[in-house]
Amino acid sequence: MAFWPSIVVATPAHSGVGATLTYRSELSLAPGGLVRVPLGSREVLGVVWDCPDAPPEGLTEARTKSVAGVLDGLPPLNANWRQLVKFSAQYYQRSLGEVALAALPPQLRELDNTQLARRLKKRAKAGTAGPATPGKLNGHDLSDEQAEALQALAAASAPVLLFGATGSGKTEVYLRATQAVLETPVSDGESPTQVLVMVPEINLTPQLEARFRERFEPGFGTGSVVCLHSGMTPAQRLSSWLAAHTGSARIVLGTRMAIFASLPGLRLIVVDEEHDPSYKSQEGARYSARDLAVYRAKVESEALAIEGTGLHAGPHPNPLPEGEGTGAGEGVNTPRCQVVLGSATPSLESWHAADQGRYLRLSMPGRIGGGMLPRLRLVDMNHQPKGAVLAPPLLAAMSERIERGEQCLVLLNRRGYAPVLACHDCGWKSGCPHCSAYRVFHKLDRTLRCHHCGFTERVPRACPDCGNLDIAPVGRGTEQIEEQLAGLLADVKRPDGQPARVARMDADSTRLKGSLEVQLAALHSGEVDVLVGTQMIAKGHDFRRITLVAGINADSALFASDYRAPERLFALLMQAAGRAGRDAEQSGASEMWIQTWYPQHPLFATLKKHDYPAFAAEQLSEREQAGMPPYGFQALLRADARTQQAAQAFLNIAAGQAAGLPHRDDITLYPAVPLTIQRVANVERAQMLVETHSRGALQRFLSAWQPVLHGCRSAPEARGLVRWAVDVDPLSI
């Protein structure tokens with residue numbers, strides 16, 4: 001007997017290939033199973049979506065290819081995982097296969113049954129499951145705020161927004177909530193309970209992984225905690241994914257990609273620093289891992305509620321990720337999957353959802369041990385010596401800290417030595433020949449490097465246009481600040497009599513494997529007195545000896561055209577300030593210094609009071625008047641082409657042919673415009689903003705627009721189009 005499985009394979013949305021492809025099989029294949037199938041001249045990995053015993057109408061056996069092989073030994077990807085992938089593809093306007101296959105580890109696509117069996121055997125030896133006994137506690141009692149938060153979390157039926165000040169002990173709440181989930185008994189045959197903990201950036205995983213391993217591996221076995229992020233090797237990612245999929249890993253720590261991990265026993269999702277824009281993917285399927293965490297918890301909870309009643313689940317609805325409560329878990333004994341969004345500076349979307357009652361907001365305003373939040377000091381650069389990199393009062397304050405054995409942190413969100421190299425005789429600047437951007441001067445290796453396409457050249461000995469030997473850096477990056485601070489603090493001594501030590505931490509200094517851990521260890525041990533870095537050092541880290549944080553060049557975001565710029569700047573500065581005074585004994589003397597040319601700006605007034613609720617209320621009021629998210633809903637249609645004319649022509653044709661589509665009257669289509677950096681790697685980029693006041697109207701319009709967009713690609717005016725993509729809920733416009 002023949003079967004006709006619908007298989008999902010990796011095909012991008014702009015290719016026009018259907019969501020699933022029909023193949024022929026002599027065996028009945030379980031939905032969620034992994035198979036190898038022919039696609040053109042290749043053999044690729046696919047996911048079984050359905051397996052009817054009759055072919056689709058009009059399809060003959062002669063026109064159908066057979067399944068090449070089945071990957072045995074792995075349980076099928078369950079219905080909840082498939083529903084998450086299906087919803088993600090629909091909501092973010094991508095193909096089903098593009099999302100499903102990108103969610104699987106790359107090495108899995110290359111394995112046959114023999115290789116897979118070898119990996120599974122190796123994985124089984126690596127993880128030695130221990131008894132489900134309580135892990136080692138960290139030796140201190142919970143604060144009243146932590147205890148109240150955990151009690152409220154245990155009874156909550158809606159997504160939880162944990163609004164906790166920096167240093168308030170949010171991580172301990174995550175640990176205790178995780179322990180409660182892992183100790184929950186399960187019935188025979190059920191998957192062991194699992195927890196997913198997400199962080200915005202890879203550099204935050206080492207310290208969090210250390211704490212989770214210390215707490216849980218003694219009680220739940222070696223291998224019970226695994227990581228998933230893009231910094232791992234393909235073999236490491238496969239090993240972690242297999243551990244999560246088979247249930248041997250009880251806790252998965254990861255970045256945004258971990259939201260698609262296969263976790264059959266998922267009962268808790270923690271999204272730490274939920275405000276961070278890194279949770280929104282900027283390539284491929286442009287999904288928001290934070291929003292999908294809320295949706296995934298809803299799907300898991302509803303499935304658990306149905307299982308608890310003994311009913312069979314019908315087709316799952318596709319609710320939009322508005323953040324509403326799951327409806328499950330309201331009964332005391334009803335199993336559910338909880339989601340916790342934690343931040344000291346929540347995103348305005350999450351704050352608004354809590355204001356509306358769709359999220360449960362739990363506040364932890366105090367620091368552990370009664371510590372105080374850093375005092376904010378504004379340095380008016382209008383009254384400082386001309387050309388000063390760091391104001392003299394700030395340098396004096398840093399010197400005092402170093403002499404007392406304390407540490408300082410200097411935040412400058414711009415890596416490299418200088419943003420541009422220029423000739424002041426003829427006006428030449430170090431532009432990138434492949435992008436409409438400047439190449440950054442990196443002094444350590446004497447290169448000009450484009451941070452967009454990666455094009456790198458040695459620094460020229462003279463101006464390429466006029467031959468002038470006097471070409472000079474313009475602006476400052478972290479390399480330059482590190483160099484200048486080392487000179488300015490050369491005479492400052494540590495308590496042991498040694499000279500002050502300045503170090504730098506950014507994407508360049510942590511590029512080599514293991515370098516991040518080495519630099520963090522040096523800072524924690526006290527070997528470094530002043531740490532200069534980009535935003536990667538400003539969030540999530542628990543630096544116990546830092547008592548002074550300095551923010552320089554913060555003014556660049558005060559008057560940006562992006563309406564989200566104030567929110568990002570406030571969050572960055574408040575998070576950076578939170579690195580100071582985390583030791584309660586030193587918190588009273590902790591300070592955040594900000595160098596600014598506009599000390600009277602209202603943003604600094606609310607920042608000085610650490611008053612995020614007031615800042616959020618002001619920003620939400622402005623956005624409501626302007627109809628901006630979260631009061632309006634947006635999408636971007638982006639086009640990449642060989643010429644700017646072709647890119648904009650495609651967008652204009654698409655707008656013209658949108659007439660008559662569902663909800664067209666509810667949609668505003670703005671004119672096509674180039675991106676801020678319109679050329680990257682010799683590809684011209686343009687975009688069109690789509691805006692409405694109804695999320696449902698936006699989704700229905702975009703779905704109906706998809707076939708139109710496929711047709712527009714063949715228009716003569718759009719010749720040279722490379723690709724197009726829809727970005728739903730964009731974070732940058």
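The following legends describe close-up views of a predicted model.

**Figure 1. Packing of helix α4 against helix α5.** Two packed helices are described by the angle between their axes and the distance between the axes. For α4 (residues 144–155) and α5 (residues 170–182), the axes come within 10 Å and cross at roughly 40°. This angle makes α4 oblique to α5. The crossing in which α4 passes α5 is right-handed. On the α4 side, the contact is made by Q146, L150 and L153; on the α5 side, E172, V173, R176 and A177 take part. By residue class, the contact of α4 with α5 divides into four nonpolar, one polar and two charged residues.

**Figure 2. Packing of helix α5 against helix α6.** Helix α6 comprises residues 205–220. Its axis and that of α5 are 11 Å apart, and the two helices pack at an angle of about 25°. Angles under 35 degrees count as roughly parallel, and α5 and α6 are therefore roughly parallel to each other. The crossing of α5 past α6 is right-handed. From α5, the residues T171, E172, L175, R176, T178, Q179 and L182 meet a set in α6 made up of L208, R211, F212, R215, F216 and F220. The residues of this contact divide into six nonpolar, three polar and four charged.

Figure 3. Helix α7 covers residues 234–246. Its 13 residues, at 1.5 Å a residue, should span 18 Å, and this agrees with the 18 Å between its end C-alpha atoms. The buried residues in α7 include R237, L238, S240 and W241. L242, A243, A244 and H245 of α7 are buried as well.

**Figure 4. Backbone geometry at Q93, R446 and the P629–P630 peptide bond.** Most residues other than glycine have a negative phi, and most peptide bonds are trans. Q93, in contrast, has a positive phi, near 60°. This residue is found in the loop between α1 (79–91) and α2 (96–102). Q93 counts as buried, at 6% relative accessibility. R446, likewise not a glycine, has a positive phi of about 55°. Its place is the loop between β18 (440–442) and β19 (447–449). With a relative accessible area of 39%, R446 is partly exposed. The peptide bond that joins P629 and P630 is cis, with omega about 15°. P630 is found in the loop between α15 (612–626) and β26 (633–641).

Figure 5. Although V440 and Y417 are 23 residues apart along the chain, their C-alpha atoms are separated by 7.4 Å. When neighbours within four places in sequence are left aside, V440 is in contact with R415, G416, A418 and P419, among others. Its contacts also include T447, L448, R449 and H451. Of these contacts, T447, L448 and R449 fall within the range of β19 (447–449).

Definitions and conventions. Residues numbered from 1 in each chain as written. Predicted model: local features only at pLDDT ≥ 70, side-chain atom pairs only at ≥ 80, totals over all residues. Heavy atoms only, no water. Axes fitted to C-alpha atoms, helices over the stretch in contact; angles between N-to-C directions. Helix = DSSP H or I, 4+ residues; strand = E, 2+ residues; numbered from the N terminus. Parallel < 35°, antiparallel > 145°, perpendicular 65-115°, else oblique. Left-handed = near helix turned anticlockwise from the far one by under 90°. Contact = heavy atoms within 4.5 Å. Nonpolar A, V, L, I, M, F, W, Y, C, P; charged D, E, K, R; others polar. Expected span 1.5 Å × (residues − 1). Buried < 20%, exposed > 50% of the residue type's maximum accessible area, 1.4 Å probe, protein only.
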